[in-house]
Amino acid sequence: MIGRHRRLGSVAGAAQVAAAVVVLATPQPAHAQTAEGPASGPPPPGEPRPLSLPELADLRLANGARLLVVPNREVPLVTVDVVLPGGQATDPDGLEGVSILAASLLESGTTARTYDAIVGELDRLGVSLDATADADWTRISLAALTDVLDPALEIMADVITDPVFPEARLETLRRQALGALATQRSQPPALARRVLLREVYGEHPYGKQTTEATLAAIDREALLAHHARWYRPGSALIIVAGDVEAADVARRLDDALAGWRGGAASG
């Protein structure tokens with residue numbers, strides 16, 4: 001917590017705490033009471049229930065993207081996840097954080113839509129659209145009611161394929177990221193995680209960490225280069241679940257992503 005200083009315990013002390021947590025979290029044997037006295041063991045297992053897995057369609061779009069579809073007609077809702085390589089582990093040295101900023105800025109504007117226009121259309125349609133980058137992947141997620149799926153897919157396709165990464169929004173997100181780093185400096189768990197990553201992974205890509213210097217070095221050209229390298233349909237996995245049929249949603253995606261061309265990512 002900000003304003004409080006906590007002394008770190010020794011490794012031995014940490015091991016004792018961990019052992020205590022394990023003991024407390026481990027289920028203890030129950031001593032059930034019956035009319036005849038204490039039960040001699042656990043109750044017998046119940047009858048196994050049949051496992052019914054949803055139908056899965058594995059298709060390929062015209063632009064090379066792989067499509068997995070899981071129909072579910074219970075509610076008129078569709079979720080779409082576009083998963084791409086190019087997570088934080090692929091950030092170039094000195095530009096750590098570029099994958100996170102690129103994902104965060106996708107909705108900030110395209111050639112055809114401003115940031116305000118994108119936000120307004122999403123609100124009008126009642127659609128949620130989000131993009132995040134973790135260590136290995138970038139994920140763009142959409143959730144829309146079935147009757148607005150086509151315009152929702154059009155917006156999603158636009159931000160994936162044609163982001164302009166406007167300078168003003170970049171500076172806003174950069175300031176926010178710098179503020180978050182400053183806050184982490186006063187939080188022991190955040191500091192411990194940074195030390196742990198460095199000690200465990202060393203020079204491995206999983207040990208990459210965003211700093212004030214790397215954030216300052218990321219400009220619009222770096223974002224465009226990252227997008228051109230990693231946001232490619234030949235490496236994309238698109239997962240659709242909900243109120244759709246496989247062939248129909250494949251046609252809709254082919255229409256929405258008709259302008260997204262290119263092979264696999266070069267990394």
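Residues are numbered from 1 along each chain as its sequence is written, and side-chain values use heavy atoms, with hydrogens and water left out. Because the model is predicted, local features need pLDDT of at least 70 and side-chain atom pairs count only at pLDDT 80 or more, whereas totals for chains, interfaces and linings use all residues.

The chain has 9 helices and 8 strands. Of the 267 residues, 34% count as buried. Buried means under 20% relative accessible area, exposed over 50%, and partly exposed in between, with a 1.4 Å probe and protein chains only. The accessible surface comes to about 15,900 Å². Carbon and sulfur atoms account for 58% of that surface. Areas come from the Shrake-Rupley method with a 1.4 Å probe; for residues, only the protein chains shown count as cover. Contact means heavy atoms within 4.5 Å. Among contacts between residues at least 6 apart in sequence, 78% join residues at least 24 apart.

An open sheet is formed by 6 strands in the order β3-β4-β8-β5-β7-β6, with mixed pairing. Strands β3 (57–60) and β6 (128–133) stand at the edges; each has a single partner strand, so one side of each is left without a neighbour in the sheet. On average, neighbouring strands of this sheet are turned by 15° against each other, direction ignored. Two strands pair if DSSP finds at least two bridges between them.

Axes are lines fitted to C-alpha atoms, for helices over the stretch in contact, and angles run from 0 to 180 degrees between N-to-C directions.

Strand β8 (237–242) has both kinds of pairing. With β4, the sense is parallel over 6 bridges; R66 has L237 in β8 as its bridge partner. The covered face of β8 holds I238, V240 and G242, and the uncovered one L237, I239 and A241. Helix α9 (residues 246–256) lies across β3, β4 (66–71) and β8. Helix α9 runs at about 135° to β4.

H226 lies in helix α8 (residues 220–230). Its relative accessible area is 6%, so H226 counts as buried. Residues up to four places away in sequence aside, H226 touches G86, T90, V98, S99, A102 and Y231.

Aromatic rings of Phe, Tyr and Trp (its six-membered ring) pair if their centres lie within 6.5 Å; planes under 30 degrees apart count as stacked, over 60 as edge-to-face and the rest as tilted. By this rule there is 1 aromatic pair. The ring centres of Y201 and Y206 are 5.5 Å apart and the planes stand at 85°, so the pair is edge-to-face. Y201 is partly exposed at 34% relative accessibility, and Y206 is partly exposed at 33%.

The charged end of R169 sits over the ring of Y115, 4.2 Å from its centre. This requires NZ of Lys or CZ of Arg within 6 Å of the ring centre and within 35 degrees of the ring normal.

Definitions and conventions:
Helix = DSSP H or I, 4+ residues; strand = E, 2+ residues; numbered from the N terminus.
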